[in-house]
Amino acid sequence: MFTIEKEVEYEEHIKKSHFIGNLLKCTTPEEAKTLINSIASRYREATHNCWAYRTGLNGELSHCSDAGEPSGTAGKPIMGAIHKHELSNVVLVVTRYFGGVKLGIRGLIDAYRHIAEETINKATLKEMILKDYWEIKTDYAHADKIKHAINELSAEIISADYQEEVTIYANTIANSGLKEFLQSNQDAGLLKYRLLKTEL
């Protein structure tokens, strides 16, 4: 699964209708709904603000709305684009200002899918990877050796604080081999560690 680095906006005119796509980051349905309401308020004069969102590490929570367009012509095409690009933790709102020319059912489906696709194509995608964040305390004598070992295990050292003892903050992909290394070295009395959090 993928998500986006930052929000993006895309605009295009299709048969005199003005379409605006807004793709934003969210982590919960509640956050998605807040963002949808914000976009709808920004474009309150628009004819329609149609949307779809998908959240969760595996995209398990999703919902869409045609927002007044004929059933199945807007929300589903937007959601289809989100699924096609394997996106999650995103909400995509497509705003339409009607320009006087009716698009028809097929035309609406094609237009909303196209705007959704082009909006996603503007975004920078990143893979969604669950990471463990660790706090590791050791003495000065063992700090360099432990930092080297952490790097060898493909973990990332975020920072190191040198006070009476050395406190190393690191993260790694969840369920990696780092925990076993830390546990064995804690058993040997070389360090103390704790898991601070696990998140995307």
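This is a predicted model: local features need pLDDT of at least 70, side-chain atom pairs count only at pLDDT 80 or more; totals for chains, interfaces and linings use all residues.
Lys197 lies over the face of Tyr133, 5.0 Å from the centre of the ring.

Strand E3, residues 17–25, pairs with E6 in the antiparallel sense, and 8 bridges connect the two. Within this pairing, Asn22 has Val93 of E6 as its bridge partner. Strand E4, residues 48–55, also runs antiparallel to E6 and is joined to it by 7 bridges. Here the bridge partner of Cys50 is Val94 in E6.

A pair of aromatic rings is described by how far apart the centres are and by the angle between the planes. The model contains 4 aromatic pairs. One of them is formed by Phe19 and Tyr112: the ring centres are 5.4 Å apart and the planes stand at 90°, so the pair is edge-to-face. This pair links distant parts of the chain, as Phe19 belongs to strand E3 and Tyr112 to helix H3 (residues 104–122), 93 residues apart.

Are these two residues buried or exposed? A residue counts as buried when its relative accessible area is under 20%. Phe19 has a relative accessible area of 0% and is therefore buried. Tyr112, at 0% relative accessibility, is likewise buried.

Key
Residues are numbered from 1 along each chain as its sequence is written. Side-chain values use heavy atoms; hydrogens and water are left out. Two strands pair if DSSP finds at least two bridges between them. Helices (H or I, at least four residues) and strands (E, at least two) are DSSP runs, numbered from the N terminus. Rings of Phe, Tyr and Trp (its six-membered ring) pair if their centres lie within 6.5 Å; planes under 30 degrees apart count as stacked, over 60 as edge-to-face and the rest as tilted. Buried means under 20% relative accessible area, exposed over 50%, partly exposed in between (1.4 Å probe, protein chains only). A charge sits over a ring if NZ of Lys or CZ of Arg is within 6 Å of the ring centre and within 35 degrees of the ring normal.
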